[in-house]
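Reader: Could you walk me through this structure, starting with how the charges are laid out?

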Amino acid sequence: MAKKKVVILIVEGVSDERAISSIRKYVKESFGIYIHLTHGDVFSDTLNRKGIKAVVGDQVQKVMQQYKYTKNEILAVIQVTDTDGAFIPDEFVIIDENIGDKKLYCCDSIKVPNQQSAINIKQRNKIKASNLRTMYSTLKVQKTIDYYLLYFSCNLDHIIHDEMNLDNTEKDPKAREFDKKYKQKPNDFMEFFKNGTFVVQGSNKETWDFIQEGKNSLGQYSNFHLIFDILDKLIE
């Protein structure tokens, strides 16, 4: 019996996987969706010496090796990332000694506790913005597999919980709540992401052009709704 074909959906962490796991129900029995965790933000990793295309390709290769998928069995790779304010001008990284030790995302700035943190965030933003620009315009990974990059801005929590700075201890419980709400309601899950006030309309390129403008990458925006169009084409 032939193995069912699959879409690989790449996300950063466990809470991301939980929150969007209902996407599997959307495709029903047409094909499988395997959600792969990178356990961190590959787009802002300053330690990796490889180019970002190779980094993403390696993540796909891990899935292929673990589950013995061939390239012909993978219909597409869809990656979802947080923008984290990566495209904002440097002047919107603000030093505020009253915020404690951690950075604070705001709708118009990223606040950091000291000068070194400001330098680090500006450097991270440059690296992440460059990598995102490379990958959102990339059409193939592993040479032949269709690839799509979608975003939540400022982050996933901002979109589904209306909170930009959730503590790590809160992320998983809130993701579980969201999953429980939509687990048996794939149509409601789709409606949430397609009709929310955060939806950025337009083509993939147009939504990426928008999020790079000014302080938009700190705003409550997403092009995740495009995933349903992508999956619809694969179902056909």
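Author: The mean positions of the 34 positive and 33 negative charges of the protein chain lie 7 Å apart, where Lys and Arg count as positive and Asp and Glu as negative, with His and the chain ends not counted, and where each charge is placed at NZ of Lys, CZ of Arg, CG of Asp or CD of Glu. This is a predicted model, in which local features need pLDDT of at least 70 and side-chain atom pairs count only at pLDDT 80 or more, while totals for chains, interfaces and linings use all residues. Residues are numbered from 1 along each chain as its sequence is written, and side-chain values use heavy atoms, with hydrogens and water left out.

Reader: OK, and how many helices and strands are there in the protein chain?

Author: The protein chain has nine helices and nine strands, taken as DSSP runs (H or I of at least four residues for helices, E of at least two for strands) and numbered from the N terminus. Its radius of gyration is 18 Å, close to the 18 Å that the globule rule gives for 236 residues, so the chain is as compact as a globular protein of that length; the radius is taken over C-alpha atoms, and the rule is 2.2 Å times the number of residues to the power 0.38.

Reader: Which residues have the most contacts inside the largest nonpolar core?

Author: They are Leu-9, Ile-23, Ile-33, Phe-193, Ile-227 and Leu-231, in a core of 33 residues; such a core is a set of buried Ala, Val, Leu, Ile, Met, Phe, Trp, Tyr and Cys residues joined through side-chain atoms within 4.5 Å. Helix H9 (residues 226-235) gives this core its largest share, five residues. Apart from it lies another core of 27 residues, including Met-135 and Ile-211.

Reader: Switching to Ser-222, is it buried or exposed?

Author: Ser-222 is buried, with a relative accessible area of 1%, where buried means under 20%, exposed over 50% and partly exposed in between (1.4 Å probe, protein chains only). Ser-222 sits in strand S9 (residues 221-222), and, leaving aside neighbours within four places in sequence, its contacts (heavy atoms within 4.5 Å) include Tyr-151, Phe-152 and Phe-198.

Reader: And where is Phe-92?

Author: Phe-92 is in the loop between strand S3 (74-82) and strand S4 (93-95), and it is partly exposed, with a relative accessible area of 24%. Not counting residues up to four places away in sequence, Phe-92 touches Asp-108, Ser-109, Ile-110 and Lys-215.
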